[in-house]
Amino acid sequence: MRRVAEWTATGIFAFAVYLLLATFTGSLGLWAPDELIAGAVLAAVTALATGAFLWAQGGWRLLQPQRWILFLLYLIGPFLWAMAKANLDVAWRVITGRIRPGIVRFNPNLHTDFGRTLLANSITLTPGTLTVDIDDDSGDFYVHWINVTDESPTPERVCGSFPKWARRIAE
């Protein structure tokens, strides 16, 4: 029963993404009938191929609406603010030449794949930092940082409140 629910949820999500990408391509309405059939077939194939992997290790938590609201709040608030600050910081460092790049290691204590992926992507999308690797066993992050001031920094020093938000949203 659980496997059917995983395939169904994955198929609905894949079909919704297809409909979004194919909007306004129909001759009379939003979609043409043959595109709806193609989208349903592609969604079914996607669900069968990826449904079991997508929901492994607690993936069902992602269907909770409060996590989606938290994710939107995170994107609009702390993430957007950190990106704006990082853009200004990188521009200032490029102009002044005050750059001390290096790779640092820290452990944000995230245990799920989604939490680690959310944090890694947040770090990489923020100018001046790039997630190089994540140790699957220990959960250590290796991050290339534009201005290394501490050889063993805390997660908050490198990426601010991102680990706390990743924990709230994904774990």
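This is a short tour of the structure above, moving from the whole chain to its salt bridges and then to a charged patch.

**Before you start.** The model is predicted: local features need pLDDT of at least 70, side-chain atom pairs count only at pLDDT 80 or more, and totals for chains, interfaces and linings use all residues. Residues are numbered from 1 along each chain as its sequence is written, and side-chain values use heavy atoms, with hydrogens and water left out.

**Whole chain.** Show the protein chain as a cartoon and you will find 6 helices and 3 strands (DSSP runs, with helices being H or I of at least four residues and strands E of at least two, numbered from the N terminus). In sequence order the pattern is α-α-α-β-α-β-β-α-α. With a radius of gyration of 20 Å, well over the 16 Å that the globule rule gives for 171 residues, the chain is more spread out than a compact globule (the radius is taken over C-alpha atoms, and the rule is 2.2 Å times the number of residues to the power 0.38). Buried residues account for 33% of the 171; buried means under 20% relative accessible area, exposed over 50%, and partly exposed in between, with a 1.4 Å probe and protein chains only.

**Salt bridges.** The whole structure holds 3 of them, each a side-chain nitrogen of Lys or Arg within 4 Å of a carboxyl oxygen of Asp or Glu.

- Select Arg93 and Asp89, which pair at 3.0 Å, N to O. They sit 4 residues apart in helix 3 (residues 65–96), about one helical turn. Arg93 is buried at 12%, while Asp89 is partly exposed at 30%.
- Next, pick Arg100 and Glu151, bridged at 3.8 Å, N to O. This pair links distant parts of the chain, 51 residues apart: Arg100 is in the loop between helix 3 and strand 1 (102–106), and Glu151 in the loop between strand 3 and helix 5 (155–159).
- Finally, select Asp140 and Arg105, which meet at 3.7 Å, N to O. Asp140 lies in the loop between strand 2 and strand 3, and Arg105 in strand 1, 35 residues apart. Asp140 is buried at 12%, whereas Arg105 is partly exposed at 48%.

**Negative patch.** Now select Asp113, Asp133, Asp136 and Asp137, which form a negative surface patch (residues with over 30% relative accessible area and no salt bridge, like charges being joined within 9 Å). Zoom in on Asp136, in the loop between strand 2 (129–134) and strand 3 (141–145). Asp136 counts as exposed, at 61% relative accessibility.

Notes: Patches are made of residues with over 30% relative accessible area and no salt bridge: like charges are joined within 9 Å, nonpolar side chains (Val, Leu, Ile, Met, Phe, Trp, Tyr) within 5 Å. Accessible areas come from the Shrake-Rupley method with a 1.4 Å probe; for residues, only the protein chains shown count as cover. Lys and Arg count as positive and Asp and Glu as negative; His and the chain ends are not counted. The place of a charge is taken as NZ of Lys, CZ of Arg, CG of Asp or CD of Glu.
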